[in-house]
Amino acid sequence: MKLFCTTAGRFVEQDGHYYRIEHLTWDALLAHDDLEECLTAVIDGEAPRDGFQAAELLAPIGQQEVWAAGVTYYRSRGARMEEAKDAGGGDFYDRVYSAERPELFFKSTGSRTVGSGGHVRIRADAHWSVPEPELTLVVSPHGKIIGYTIGNDMSSRDIEGENPLYLPQAKVYDGSCALGPGILVTSSPLPQSTEILLEIVRKDRIEFAGSVALTELKRDPKVLVEYLFRDNSFPNGCFLMTGTGIVPPSSFTLASGDTVRITIEPIGTLENEVA
Ligand code: DO4
Ligand code: MG
């Protein structure tokens, strides 16, 4: 079962049929620990509705905050150590990779987040920018994982590499986050064999492609959520990106007009052009 936010309203997809949700707001939906049961009850006896195909997708976010975990894959650890070595910060990334406490940082709000089909942005004062394709947890106000979506943690690597204390500027700016296409509603963990695929298309050519499987994710999603909820409340629930395991070579930087395509089956594909 999937949940979508569109210009024509909120839709549940089940077995290829789309049902419109009339009475519950997005925030009210994501407050349900038993979202799957709630949606099953909402569509029970309802007829499928037209309108989904013609509508534009919106980011599946209301008042939730977006947080992110970092250095959760070996590939990210290595890339970060390299980018920060001249600033003397490389060691921090090595240490956080193996520490008990994970790196967690604030990433975005709804206003800075775009949905599939929207434009992500690169900072005007950055000269080395990359997408970060990340499995993203949808978490209820009680800290329960109620679904999954795809996230793009757009990052300015030259800014974070100059000094790790610049991380918030490298990570949080208008259009720095994409979520979508919708939410796969399930409380079951995704299989370890699940793959994250990234394609960056430039002028109709694949400029970079990479993939990683969830077996490479060093941290248990439930433990990441447990750390995030320590002494922190999320009255509307939240999104938690789980980190990137795909990093393009250091010679690569995104350019305006590039298309970033991230696929995680069974969630779908998040596709965004760089403004
Ligand atoms: O510590 C820097 C950011 C790490 C990150 O965003 C990632 O590993 O995905
Ligand atoms: Mg990241």
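I began with the shell around ligand 1: five nonpolar, four polar and six charged residues. I took Ala, Val, Leu, Ile, Met, Phe, Trp, Tyr, Cys and Pro as nonpolar, Asp, Glu, Lys and Arg as charged, and the others, Gly among them, as polar.

The model is predicted: local features need pLDDT of at least 70 and side-chain atom pairs pLDDT 80 or more, while totals for chains, interfaces and linings use all residues. Residues count from 1 along each chain as written, chains are lettered from A and ligands numbered from 1 in written order, and side-chain values use heavy atoms, without hydrogens and water.

I listed the neighbours next. Ligand 1 has 15 residues around it, and Val71, Ser76, Glu103, Lys171 and Thr244 are the closest. A residue counts if a heavy atom lies within 4 Å.

I then checked polar contacts (N or O pairs within 3.5 Å). Oxygen atoms of ligand 1 lie 2.6 Å from a polar side-chain atom of Ser76, 2.9 Å from one of Glu132 and 3.0 Å from one of Asp153. The protein buries 100% of the 280 Å² that ligand 1 exposes alone; areas are Shrake-Rupley with a 1.4 Å probe.

I turned to the metal. Glu132 (OE), Glu134 (OE) and Asp153 (OD) coordinate the magnesium ion (ligand 2) at 2.0 to 2.1 Å. Donors are N, O and S atoms within 2.8 Å of the metal (3.2 Å for Na, K and Ca); water is absent, so sites may look incomplete. Glu134 is in strand β9 (residues 133-139) and Asp153 in strand β10 (residues 145-153), so the pair ties together parts 19 residues apart in sequence. Strands are DSSP E runs of at least two residues, numbered from the N terminus.

Notes. A polar contact is a pair of N or O atoms within 3.5 Å; within protein, one must be able to donate a hydrogen and the other to accept it, and residues adjacent in sequence count only if both atoms are side-chain atoms. Helices (H or I, at least four residues) and strands (E, at least two) are DSSP runs, numbered from the N terminus.
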